[in-house]
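Subject: Structure handover

Hello,

The structure is below, as promised. My notes follow it.

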Amino acid sequence: MEEPAKTLFSAIQPSGIITIGNYFGAIKNWVELQDDYNCMFALADLHAITVFQRPENLKKNTLEAYALLLACGIDAEKSLFFIQSQVNTHSQLAWILDCYTQFGELSRMTQFKDKSTKHSDNINCGLFAYPVLMVADILLYQVDMVPIGLDQKQHLELTRTVAERFNFLYGETFKITEAYIPKNGSKIMSLQDPGRKMSKSDENLNAWVAILDSKDEIIKKFKRAVTDSDSCVRYDDKAKPGISNLMTIYSCATGKSFDEIEKEFDGVGYGKFKEAIGECIADKFAPVQSRFNELIKDKEYLEKCYRKGAKEAFEISNRTLNEVMKKIGFVQ
Ligand code: TYM
C-alpha cells in the first residue's frame, strides 16, 4: 500500500520587510519541500500585532508578503497558502492551549526576553503568549514537519511539550512534529554585526538585505558589510564571523561548498568577494522581483488564492479543534 504523503506547516510574519535571512532560513526550503510534502503555509498576521501596526500598513504588508511568497515559488495550487487571521480556529485553539502552558515555560522564551527589551513601552500579553499561538498554528494541522530557522527552535520544542502534555491528559490528540532546520542558512547574521541575527526590525538599514531591495542597494549593503582586518576568504565562524556569514549567504545562493568558495576567491581580497556576492544576490532575486511586481497588481488573483487557502485551512484545522473541544468536555 502507498504511504500517505508527509505533511508540513510553516508561517512567516508579514511585517513589511522580508529579508534574505527569512529566504535562506525558511522560504527557500518551503519552496523545495513542496515536491515531497503536502504543504501548508500561513502569513502569521495575528502574530504581527504583538508589536503595534498601523492598520493601513498591516493590510499593505500582508498583501505584499502574500504576493512575494508566491513570487518566490510558493505554489497556491499545490500547497495550501492562507492568511492566519482569516481562519478562526487559530485564535480559538491558542486560547485553549494557553491553559495548558505554564507561565514559567513562556518566561524562558528568549524571543520574549529580546522583544520585551526592545519594545519596553508595549510589553503586552500577546507578546508573552505569542509562542502558544505558534503552537496552535502547528498542532491544528497534525503535521510531520515544520521547516524553520534556528531562532524558532525553542518555540518548536514548546510545541512538542504542550502536545505531549495534552496527549497525556486526554489521549492521543496531536501529532508530535519535528523541526526541519537547514544545515546551511539557519541563522543568517547581520551584515553590520555578525554576532547578531539578521533581522528586519534592525534599525541599521545596512544590517539586512531585503528580497525586494534594488540592485544598487543590495550591492551597496554587501560592500559595507563588516568583516575583519585579514584579507583571506576562509570559513571560521569564531575568528572570522563576518566573512563566514558572507560565505554562508553565497553558499546558500549558489549551492557551492565552503571549500569551493575559498578556492574561487583565493588571493583576491575582500572587496572583490563582497562585489561578487552583491551581484549574485541581486541577480538571484531579480526574477522574483519582476514576478512580484506583476502579482501585486493582480489583486483579484491574490484574493482568489487566499480565499481558497483559508477555506481549505479551516476545514482541516476545524477537525482538530472539534476533537480537542470534545476531549476537554465542552458541550458539543
Ligand atoms: P519570522 O516571521 O520572524 O521568520 C520567518 C522564518 O524565517 C526564519 N528566519 C531566519 N532564518 C535564518 N536567518 C535569519 N536571520 C532569519 N530570520 C528569520 C525564521 O526562523 C522563520 O522560520 N513566529 C514565527 C512565525 C510563525 C511560525 C508559526 C513559524 C508563526 N506561526 C508556525 C513556524 C510554524 C516568526 O515570527 O517567524
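A search of the whole structure turns up 19 aromatic pairs. Here rings of Phe, Tyr and Trp (for Trp, its six-membered ring) pair if their centres lie within 6.5 Å; planes under 30 degrees apart count as stacked, over 60 as edge-to-face and the rest as tilted.

Before going further, some ground rules. This is a predicted model, in which local features need pLDDT of at least 70 and side-chain atom pairs count only at pLDDT 80 or more, while totals for chains, interfaces and linings use all residues. Residues are numbered from 1 along each chain as its sequence is written, and side-chain values use heavy atoms, with hydrogens and water left out.

Aromatic rings

Tyr250 and Phe265 make an edge-to-face pair, 5.6 Å centre to centre with 75 degrees between the planes. The pair links distant parts of the chain, 15 residues apart: Tyr250 is in helix H10 (residues 241-254) and Phe265 is in the loop between helix H11 (258-264) and helix H12 (270-295). Helices (H or I, at least four residues) and strands (E, at least two) are DSSP runs, numbered from the N terminus. Tyr250 counts as buried at 5% relative accessibility, and Phe265 is buried with a relative accessible area of 7%. Buried means under 20% relative accessible area, exposed over 50%, and partly exposed in between (1.4 Å probe, protein chains only).

Tyr250 also forms an edge-to-face pair with Phe273, at 6.2 Å centre to centre and 80 degrees between the planes. That pair again links distant parts of the chain, with Tyr250 in helix H10 and Phe273 in helix H12, 23 residues apart. Phe273 counts as buried, at 0% relative accessibility.

Elsewhere, ring pairs join Tyr100, Phe166, Tyr170 and Phe174 into a cluster. The charged end of Lys221 sits over the ring of Trp208, 4.0 Å from its centre; the criterion is NZ of Lys or CZ of Arg within 6 Å of the ring centre and within 35 degrees of the ring normal.

Ligand

Which residues come nearest to the ligand? Of the 27 residues around the ligand, they are Gln13, Tyr130, Asp137, Asp151 and Ile188; a residue is taken as near if one of its heavy atoms lies within 4 Å. The shell divides into 12 nonpolar, 10 polar and five charged residues. Ala, Val, Leu, Ile, Met, Phe, Trp, Tyr, Cys and Pro count as nonpolar, Asp, Glu, Lys and Arg as charged, and the others, Gly among them, as polar.

An N or O atom in the side chain of Gln13 is 2.8 Å from an oxygen atom of the ligand. Backbone N or O atoms lie 2.9 Å from a ligand nitrogen atom for Ile188 and 3.0 Å from a ligand nitrogen atom for Met198. On its own the ligand has 710 Å² of accessible area, of which the protein covers 97% (Shrake-Rupley method, 1.4 Å probe).

Other residues

Gln142 has a positive phi of about 50 degrees, although it is not a glycine. Gln142 is in the loop between H7 and strand E4 (145-147), and counts as partly exposed at 23% relative accessibility.

Cys280 is in helix H12 and counts as buried at 17% relative accessibility.

Regards

How values were computed: Polar contact = N/O pair within 3.5 Å; in protein donor to acceptor, adjacent residues only side chain to side chain.
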